[in-house]
Amino acid sequence: MGIHLPSLLPQMQELGQALYERSLQVSAMIPKAIKALHSTAELDHSNLQSKIKKAGNRWTGAIPTEETLNLTYPPPTVPQSLHVIGADGSQIYPDRHAAAFYYLINIGSIVVSHGSGKAPTIQQESQLFFELEDLYDEADHPVQNAYVNLRRDVAEMKTLTKIAESLAGEQTLAILDNSLLLWMALQTGGSTSRETDRTLQQYLKLLDRLRSSKTGLAGFIDRPRSVSVLALIHLAGLPDDQINQETLRLTPFRGLTDRAIFTKLLAPGHRSALFISASPLNRDFRTAGHEVHFFYLNTDADGAVVRVEIPIWVAQDPELLNRVHAGILKDCQTTGGFPYTLVRAHELAVIPPQERAALEDMLQRTLLGHGLRPTQSQKALTKQLTGQRKQHTL
Amino acid sequence: MPESPMMIGRVTRCSTRGFVGAMQISENALPVFGSLCQAEAQGGRSYVVGLVYDISITDDQFARQLAALEEVPQEQIADGQINRHVPVEFSALAVGFHNDGGFHQALPPQPPLTLASVFSMVSKDSVDFTSQLHFLQTILNAPQLPVDELLTTALRLSAQARPEEERERFLLQAGREVAHLLPQDLTRLENILRGLRA
């Protein structure tokens with residue numbers, strides 16, 4: 001049986017009621033948060049930095065830059081000719097119940113040359129990972145899905161880098177459908193830490209190459225749930241002698257997101273001020289010269305506010321910063337506030353069920369061709385038997 | 001230089017009465033309504049002759065979203081027409097087959113199989129096939145097709161495949177055959193003959 005829908009009805013009612021009440025609370029918080037943001041903007045910069053220092057290393061709010069934090073910035077002029085590169089990835093995770101233990105990473109990429117009138121260049125790269133060093137960590141444990149995600153994220157960045165280098169000397173914007181910070185590096189578990197560190201270093205070297213090719217690089221995060229600017233304005237409102245882990249946790253803006261306040265503040269096409277991410281992961285990026293900055297951007301007349309992450313060398317170069325700002329807006333024009341290149345990169349990367357079945361079929365024939373008998377686990381076989389149950393209706 | 005057949009797709013659905021083919025092809029290579037094509041059957045021992053009666057291009061939500069916009073950048077139009085995996089689907093009515101004995105104007109003994117190659121018919125074969133006109137009966141008997149338009153277009157394309165001095169004679173002969181097949185339906189006959197004269 002699947003979900004027992006009748007038994008969920010009362011809970012569904014409760015869910016609807018809870019979300020309605022929460023939306024009322026959140027709506028009431030927004031004017032207070034905006035007022036607090038304006039008050040924070042009036043604070044002396046050194047005073048704010050001193051509060052951030054007091055908050056300690058565990059505080060993960062937004063660190064202000066030299067830009068006034070409640071100002072908004074209108075859309076710059078789009079360059080006449082601009083190459084926008086998008087890359088996205090998908091994967092088949094290792095499955096111990098399958099006929100063979102392997103995993104696959106599939107990367108789709110596209111280059112749209114705005115102003116050229118030409119069809120974009122598209123590319124798909126698929127790679128199987130089946131060697132022992134790919135499949136087992138240093139402690140001989142099978143690799144976790146989070147590690148596969150990490151390698152996929154690096155493969156996406158590698159694709160962006162290779163394409164950007166092939167366009168060196170031209171105006172290029174590379175967009176990643178993700179945070180620039182390699183969050184998966186924090187989630188891969190202790191047993192693979194050395195491998196994770198090695199992968200993180202590879203990723204940072206790719207950023208070096210993108211910087212050398214003068215590419216406008218951006219991580220695009222749709223519907224961000226981040227609360228880092230709210231954490232900053234909460235911190236700013238605390239008296240210096242009351243800043244501690246307990247008071248930092250007791251934010252009056254619980255349930256609110258940065259996106260909710262910037263949806264009110266940003267006119268279509270405008271961006272927020274630049275901030276720096278205080279994530280612990282950003283320390284590695286800072287050391288390597290790629291400290292991640294971010295801004296919020298209204299990409300659509302309907303108020304779609306997204307978070308855009310950029311490395312410091314884009315943030316501190318007005319030409320690259322404007323290219324990212326204007327280029328993303330240009331690329332979002334026909335697709336409701338989400339970049340066209342990322343829509344297409346996802347379409348190219350995704351592995352549909354029929355292609356996955358064809359891959360499994362190819363795998364089984366290959367194994368048979370080498371005298372091996374492909375067998376799935378009994379669990380996988382019984383799932384196939386029961387998973388295609390037909391719904392009979394009168 | 002002799003004309004060579006152009007591959008226009010692969011069979012995706014079929015029966016002895018016709019087949020449906022699909023391929024991602026450019027606008028220039030699209031099959032034409034009323035044109036003849038051939039699909040490999042019986043392991044290459046025969047070809048089913050089909051008459052293209054419908055050409056369709058499938059859509060999806062993304063294409064619909066872009067189509068609804070006032071202005072779509074040229075790069076995105078080119079992407080949709082050239083890169084995206086949107087196949088052109090065409091349907092053909094089986095009007096004959098070809099084997100060692102040449103062309104036959106009858107339903108084929110077996111349909112082509114899935115993914116069989118479909119080729120456009122070169123002028124020489126088209127002239128050869130349409131030297132007999134029994135296939136007109138198959139067209140007139142086809143249910144739920146734009147039969148009159150299909151018949152008129154097929155005959156005019158067959159006439160164009162012939163040398164200029166033979167075209168009129170071919171169309172006159174075809175007109176007589178249609179008159180023979182539609183003796184009770186003068187209005188319809190007149191429409192078809194008018195189409196052949198145009």
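Predicted model: local features only at pLDDT ≥ 70, side-chain atom pairs only at ≥ 80, totals over all residues.
View 1. S91(B) itself belongs to strand β5 of chain B. The relative accessibility of S91(B) is 10%, so the residue counts as buried, the cut-off being under 20%.

**View 2. The two domains of chain B.** The domain assignment divides chain B into domain 1 (1-125) and domain 2 (130-198). Their contact takes 13 residues from domain 1 of chain B and 16 residues from domain 2 of chain B. The centres of the two domains, taken over C-alpha atoms, are separated by 23 Å.

**View 3. Interface between domain 1 and domain 2 of chain B.** About 1200 Å² is buried between the two domains, and carbon and sulfur atoms account for 76% of it. Three residue pairs are in polar contact across this interface, with both residues of each pair at pLDDT 80 or more. The count of salt bridges across the interface is zero.

**View 4. The side of domain 1 of chain B that touches domain 2 of chain B.** The elements giving two or more residues to this side are β4 (46-57) and β5 (88-99) of chain B. By residue class, this side of domain 1 of chain B holds nine nonpolar and four polar residues, with no charged ones. Strand β5 of chain B is also the element in which S91(B) of View 1 lies.

**View 5. Position of Y102(A).** Y102(A) sits in the loop that runs between β2 (82-92) and β3 (103-114) of chain A. Y102(A) counts as buried because its relative accessibility is 7%, where the cut-off is under 20%. E131(A) is 29 residues away from Y102(A) in sequence, and the C-alpha atoms of Y102(A) and E131(A) are 8.1 Å apart in space.

**View 6. Contacts of Y102(A).** Leaving aside residues up to four places away in sequence, Y102(A) touches I92(A), Y93(A), P94(A) and D95(A), along with L128(A), F129(A), F130(A) and L135(A). The list of residues touched by Y102(A) also includes L359(A), E360(A) and L363(A). With E360(A) there is a polar contact between side chains, at 3.1 Å from Y102(A).

How values were computed. Residues numbered from 1 in each chain as written. Chains lettered and ligands numbered in written order. Heavy atoms only, no water. Domains from an automatic or database assignment. Contact = heavy atoms within 4.5 Å. Buried area = accessible area lost by both parts, 1.4 Å probe. Salt bridge = Lys/Arg side-chain N within 4 Å of Asp/Glu carboxyl O. Polar contact = N/O pair within 3.5 Å; in protein donor to acceptor, adjacent residues only side chain to side chain. Helix = DSSP H or I, 4+ residues; strand = E, 2+ residues; numbered from the N terminus. Nonpolar A, V, L, I, M, F, W, Y, C, P; charged D, E, K, R; others polar. Buried < 20%, exposed > 50% of the residue type's maximum accessible area, 1.4 Å probe, protein only.
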